Amino acid sequence: MTSLPEKTDRKLGLVIDLDTCVGCHACVISCKGWNTENYGAPLADTDAYGADPSGTFLNRVHSYEVQPESGPAQLVHFPKSCLHCEDAPCVTVCPTGASYKRVEDGIVLVNESDCIGCGLCAWACPYGAREMDPTAGVMKKCTLCVDRIYNENLPEEDREPACVRTCPAGARHFGDFADPESDVSKLTAERGGMDLMPEQGTKPVNKYLPPRDRDIDVLAPLLEPVAEDSKGFLGWLDKTLSKVGGA
Amino acid sequence: MHPAPSVIIFTSLSGLGFGLLFWMGLGVLAPTGWVAFAFFTIAYLLAVGGLMASAFHLGHPERALKAFTQWRTSWLSREAWASVLALVTMALYGAGLVFFASRWAVLGYLGAALSLATVVTTAMIYTQMRTVPRWHNATTPGMFLSFSLGGGALLAGQVTLASWLLPFAGLALVAHWVMGDRALAGSGTTLASATGLGDRGTVRSFEPPHTGTNYLLREFVHVVGRKHSVTLRVIALLSGFVLPVLILLAGAGHVLAAVAVLLHLVGVFASRWLFFAEAEHVVGLYYGKR
Ligand code: SF4
Ligand code: SF4
Ligand code: SF4
């Protein structure tokens, strides 16, 4: 059903920490690995070893340079996967009912056996979170690893999304945003978690934590020179060299 | 957006076909017998041919029937219903004219309304896309409707109607360009809002996520050269609207009227190519491509 639920019991999603992400792309690879072997059609690669390789991914990492008015530019690595929006435009445009948002946990999924591959849902998503698989002819998107998080065959510590589990920097967190006491809710509140493109009205569930300010330089005071005028041999050398250099 | 030939052909031809069906349903022309048969054949070839072309666009055409299920929310599903209902209704109406030489007016009005509704649903598929600011305004349905009505009148041989409606369609096209050229800037969506980093400084795409291309870049990031776009706009306007109207006003015979129809078709194709190729999807911002 492509009507959106009025309200979902839980709001599962991710917090992505732009401060700690080091841009290693490990989440990209673990996501592709898990999702190509498990739920749904595999994620195709075309011309993988040729001149024009291209592939389907559910998670990608951009890098941006932010130039403040003064001071050095900052590099921000920016992972992006489906944000499991509350007002998901990708769901309501779907003519077949293949795209849907689950009432129990708010995960946005595609039922691949109903998908006709019209591509309209990818048009409707402002974030580029959906990709049409060229081989299977159906729409692929992040499943929030629905086949891991509830999977009792996995050890408990693995019952979280593959990207979260694999991130070496701890830049991705998974949890329930409907519960104000959950880790993800607290993190979002503490660090000013933000929505991407709020003006698009999608009400994303996933939140992004902005990079911390870099203006506190802890080491600088400790590295100040302690003695301005050196004495003895070094003092003589300093003066002589300054004279020779004309300074 | 990627200007896919199948979608350009579909929207152009079926728009014309349903426009012709609309005027026939209204009874503006009510031929009977073989003449009616010829008119209906042309209308159905255009409308159904367009629909078939769009089916080639699908990853799984064999599941197309499923597209009828979500009419409550999806304009694409509504389009499926409207087109089938319009085609069935107009086929019955046409059978009356062709085989019984009688005009079942109520059926005709219903068919005309459904034909117009089909064009509206097609237009709304694009208009609803907030992600494509150039489409997300009233000029999109305005353009689709006026094209269909004007082109339909031209095909129906209605000189007076067509010479009123075609200039109107040309104006709608210009309005679409004028509003469209400032739509992305006016939408408020920028790389700053896309990344949420705008209040820290100027954001620039430093490195894309992949070295090759991907579905998103192929489908959504199509950049048309400025020179190209101006040339095509001139062709679309002249060939699609100005010349056909001049021919009609000069009092065309059958041959010249056919030329006017062909010119119009070329103009519609050019404008529809631009409609897709010039449309900036906001996802391009993430790639620093706007
Ligand atoms: S991020 Fe895109 S695909 Fe995911 S729910 Fe939102 S609109 Fe849909
Ligand atoms: S591509 Fe599939 S999931 Fe997306 S709108 Fe079309 S039918 Fe629905
Ligand atoms: S939650 Fe799963 S499917 Fe989604 S980006 Fe992470 S690994 Fe990929």
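**Helix packing, chain contact and ligand shells**

The axes of H3(B) and helix H4 of chain B (residues 105-127) cross at roughly 155° and come within 8 Å. Helices here are DSSP runs of H or I with at least four residues, numbered from the N terminus; axes are lines fitted to C-alpha atoms over the stretch in contact, and angles run from 0 to 180 degrees between N-to-C directions. H3(B) and H4(B) are therefore roughly antiparallel to each other, a term for angles over 145 degrees. Their crossing is left-handed, meaning that the near helix is turned anticlockwise from the far one by less than a right angle. The residues of the contact of H3(B) with H4(B) comprise 15 nonpolar, eight polar and two charged. Contact means heavy atoms within 4.5 Å; Ala, Val, Leu, Ile, Met, Phe, Trp, Tyr, Cys and Pro count as nonpolar, Asp, Glu, Lys and Arg as charged, and the others, Gly among them, as polar.

The model is predicted: local features need pLDDT of at least 70 and side-chain atom pairs count only at pLDDT 80 or more, whereas totals for chains, interfaces and linings use all residues. Residues are numbered from 1 along each chain as its sequence is written, chains are lettered from A and ligands numbered from 1 in the order in which they are written, and side-chain values use heavy atoms, with hydrogens and water left out.

H3(B), residues 75-100, also packs with H2(B), residues 33-55; their axes come within 10 Å and cross at roughly 170°. That angle makes H2(B) roughly antiparallel to H3(B). H2(B) passes H3(B) in a left-handed crossing. Residues of H2(B) including Phe37(B), Phe40(B) and Tyr44(B) meet residues of H3(B), among them Leu87(B), Met90(B) and Tyr93(B). This contact of H2(B) with H3(B) has 14 nonpolar, three polar and no charged residues.

Further along chain B, helix H5 (residues 139-155) and helix H6 (residues 159-181) pack at an angle of about 155°, with their axes 8 Å apart. H5(B) and H6(B) are therefore roughly antiparallel to each other, and H5(B) passes H6(B) in a left-handed crossing. Among the residues that make the contact are Met143(B), Phe147(B) and Leu154(B) of H5(B), and Leu165(B), Phe168(B) and Met179(B) of H6(B). The residues of this contact divide into 15 nonpolar, seven polar and no charged.

Attention now turns to the meeting of the two chains. Chain A and chain B bury about 4600 Å² between them, 57% of it on carbon and sulfur atoms; buried area is the accessible area (1.4 Å probe) that two parts lose on being put together, summed over both. The contact takes 63 residues from chain A and 57 residues from chain B. In chain A, Tyr64(A), Ile116(A) and Trp123(A) lose the most area to chain B, together 17% of what that side buries.

The residues around ligand 3 include Cys31(A), Cys142(A), Cys145(A), Cys163(A) and Arg172(A). Helix H1 (26-37) and helix H5 (162-166) of chain A are the elements that give two or more residues to the shell around ligand 3, which divides into seven nonpolar, four polar and one charged.

Definitions and conventions:
Parallel < 35°, antiparallel > 145°, perpendicular 65-115°, else oblique. Near = heavy atom within 4 Å.
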